[in-house]
Amino acid sequence: MKSNQFNPANQIQDLQYFGEFGGVNPSISDSSTYTFLSAKTMFDTFEGNAEGCYLYSRHSSPMNLYLGEALAAMEGTESANVAASGMGAITPVLMQLCAAGDEIVSSRTIYGGTYAFMKNMLPKWNIKTNFVDITKLDVVEAAITENTKVLYCETVSNPLLEVADIESLAKIANKYNIKLVVDNTFSPLSVAPAKLGADVVIHSLTKFINGSSDTVGGVVCASQEFINDLKNVNNGASMLLGPTMDSLRSASILKNLRTLHIRMKQHSYNASYLAEKFEKDGLKVVYPGLKSHPSHEIYSTMINKEYGFGGMMTIDVGSLDKANELMELMQNRNLGYLAVSLGFYKTLFSAPGTSTSSEIPLDEQKEMGLTDGLIRFSIGLDNDIERTYQMMKACMMEIGVLKELQKV
Ligand SMILES: *Cc1c(COP(=O)(O)O)cnc(C)c1O
C-alpha cells in the first residue's frame with residue numbers, strides 16, 4: 001500500500017483512551033514501580049510473558065505505551081517505543097542492530113548528532129559507517145559490503161532537505177537482507193516510511209510532533225519483534241541504556257499529537273508560500289515543494305498530499321556575515337527566533353554550518369553543499385503569511401540580500 005492511500009491522522013484519531021474516572025484523557029501513571037498480587041506473576045512479567053502487567057517504568061509504563069501506540073498507528077507499524085529524546089531513540093536502534101565488525105551505510109546529510117554518533121562513537125565498538133550521497137542509488141548499493149547491517153537515512157535530510165527515495169532504498173535493503181532505518185522527523189504525516197518499505201521509523205518528538213518546544217522526546221516505530229528486542233531485559237539496548245521518557249511528558253506529548261495534522265498543514269502552507277515568493281524574488285531557495293528541487297517529482301509521489309511538502313526550507317544568502325545579520329534583524333522584528341530546532345509555532349532560524357551541523361568537519365560540509373550563507377528555516381504557524389513575507393523581504397532589502405524592489 002502506498003503512503004498516499006494510508007491516512008496517518010485518521011489512524012491517530014480512531015484510537016480512544018479514557019482516564020481512570022471517565023476522563024477524556026488517559027490517567028497518568030505516576031509510579032516507577034508496580035505491585036504484584038502474586039510472586040508468580042512477577043516472575044512471568046520478568047520473562048516477558050504477562051501481557052498487561054507492568055513491572056518497572058524503565059521497561060514500560062501505561063502512558064508511554066499509549067503514546068507509543070498512537071505513534072505506531074501514525075506510522076502504520078505494529079508497535080513503537082518512546083524515548084527521552086530523538087538521540088535516545090536513534091542510538092539504541094543502531095546498537096541493537098549492529099555488533100563489532102558490522103557496518104552501516106548512511107546518508108551523509110543527516111542530523112549532526114546522528115552523524116557524530118556514527119563517526120566518533122560507533123568506531124569504539126568497531127562499527128564502521130560509510131557515508132554516501134543517498135540520492136545516488138548506485139553509490140548507495142556500491143557502498144554495501146557483506147558486513148553491512150543497516151541502511152540509514154532521513155526522509156527529508158537535515159539541513160540540506162535532500163529527499164531519500166524510500167521505496168527504492170527499501171528494495172536495495174531487501175536485496176542485501178539489511179535493515180532500512182529512516183528518521184522521519186522532518187515529515188510526520190506527510191510521509192509514512194514504513195508504508196514505503198522501511199523497517200524502522202524514528203522521530204525526534206522534540207520537533208513537529210510535540211510542536212511546543214518545551215521538551216525533548218523520541219520514538220522508534222517498528223515490528224513488535226524489534227520493539228520487544230529493544231526492551232528485552234537481558235540484551236535490549238533501550239532497556240539497558242535507559243533513555244526512558246517520563247510519563248508526565250508522554251502525557252503532554254500525546255495531547256499535542258492530537259493537533260499535529262492541523263499544524264502540519266499550516267506549516268506546509270506557510271513554508272510553500274514563502275519558498276515560492278522568495279524564489280521568484282531571485283533568492284536561492286531550497287524547498288521540496290518547489291519544481292526546482294532536484295527530488296520534487298519523486299517526493300510528490302511519496303507524500304500524503306493534504307499535509308504538503310513540510311515546514312522546512314533553506315535560503316542561501318551568500319555569506320555567514322549576511323546570514324547572521326539577517327537572522328538578527330528578523331529576530332529584532334519579531335519574525336522568529338534565532339534558535340536551533342524546528343516545528344515550533346514561531347519561525348526558527350539558524351545557520352547550520354555553525355550550529356546544528358558543526359559536528360561535520362568543514363571540508364565535508366563543503367563537499368555536501370553546506371555553504372556558510374545557508375539559513376535553515378522552520379516556518380511557523382503565522383496567521384497572515386503575506387504580511388510575514390513583506391516583513392521578511394523588508395529585512396532582506398535593508399541589508400542588501402535582496403536588491404531590487406518588487407512591484408507589489
Ligand atoms: C533534532 C533531531 C534529532 C535528535 O533529536 P533530539 O530530540 O534532539 O535528541 C534527530 N534527527 C533529526 C532529523 C532531528 O532534527
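This is a predicted model: local features need pLDDT of at least 70, side-chain atom pairs count only at pLDDT 80 or more; totals for chains, interfaces and linings use all residues.

Helix 10 itself runs over residues 247-257, and its buried residues are S247, S250, A251, S252, I253, L254 and L257.

Let's start at the N-terminal end. D246 caps helix 10 there, with a side-chain oxygen 3.0 Å from the backbone nitrogen of L248. D246 also turns up among the contacts of N64, a residue that touches V82, T244, M245, D246, S247 and S250, leaving aside residues up to four places away in sequence. The side chain of N64 reaches the backbone oxygen of M245 at 3.0 Å. N64 counts as buried because its relative accessibility is 8%, and the cut-off for that is under 20%.

Now for the other end of the helix. L257 is one of the buried residues of helix 10, and it's also among the residues that touch the most other members of the largest nonpolar core, along with L71, L180, F278 and M313. That core has 86 residues. Both domain 1 (3-257) and domain 2 (261-399) give residues to this core, so it lies between them. Apart from it there's another core, of 29 residues, including V93, C98, V150 and V181.

Not counting residues up to four places away in sequence, M313 touches L161, A271, L274, A275, F278, V285, V286, Y287, I375, R376, F377 and I379.

Zooming out to the domains: the chain is divided into domain 1 (3-257) and domain 2 (261-399). Their centres, taken over C-alpha atoms, are 27 Å apart, and 41 residues of domain 1 are in contact with 40 residues of domain 2.

Then there's the ligand. It is surrounded by 13 residues, and the closest are G86, M87, D183, T206 and K207. Helix 4 (residues 86-97) gives the most to this shell, with three residues. D183 has a side-chain N or O atom 2.6 Å from a nitrogen atom of the ligand. T206 places a polar side-chain atom 2.6 Å from an oxygen atom of the ligand, while for K207 a polar side-chain atom lies 2.7 Å from an oxygen atom of the ligand. On its own the ligand exposes 380 Å², and the protein buries 93% of that.

Most residues other than glycine have a negative phi, and most peptide bonds are trans. N158 and P159, though, are joined by a cis peptide bond, with omega about 0°. P159 lies in the loop between strand 4 (148-154) and helix 7 (166-175). L189 has a positive phi, near 70°, and is found in the loop between strand 5 (179-183) and strand 6 (200-204). L189 is buried, with a relative accessible area of 1%. S341 also has a positive phi, near 80°, in the loop between strand 10 (337-338) and strand 11 (348-350).

Definitions and conventions. Residues are numbered from 1 along each chain as its sequence is written. Side-chain values use heavy atoms; hydrogens and water are left out. A nonpolar core is a set of buried Ala, Val, Leu, Ile, Met, Phe, Trp, Tyr and Cys residues joined through side-chain atoms within 4.5 Å. Buried means under 20% relative accessible area, exposed over 50%, partly exposed in between (1.4 Å probe, protein chains only). Domain bounds come from an automatic or database domain assignment. Contact means heavy atoms within 4.5 Å. A residue is near a molecule or strand if one of its heavy atoms lies within 4 Å of it. A polar contact is a pair of N or O atoms within 3.5 Å; within protein, one must be able to donate a hydrogen and the other to accept it, and residues adjacent in sequence count only if both atoms are side-chain atoms. Accessible areas come from the Shrake-Rupley method with a 1.4 Å probe; for residues, only the protein chains shown count as cover. Helices (H or I, at least four residues) and strands (E, at least two) are DSSP runs, numbered from the N terminus.
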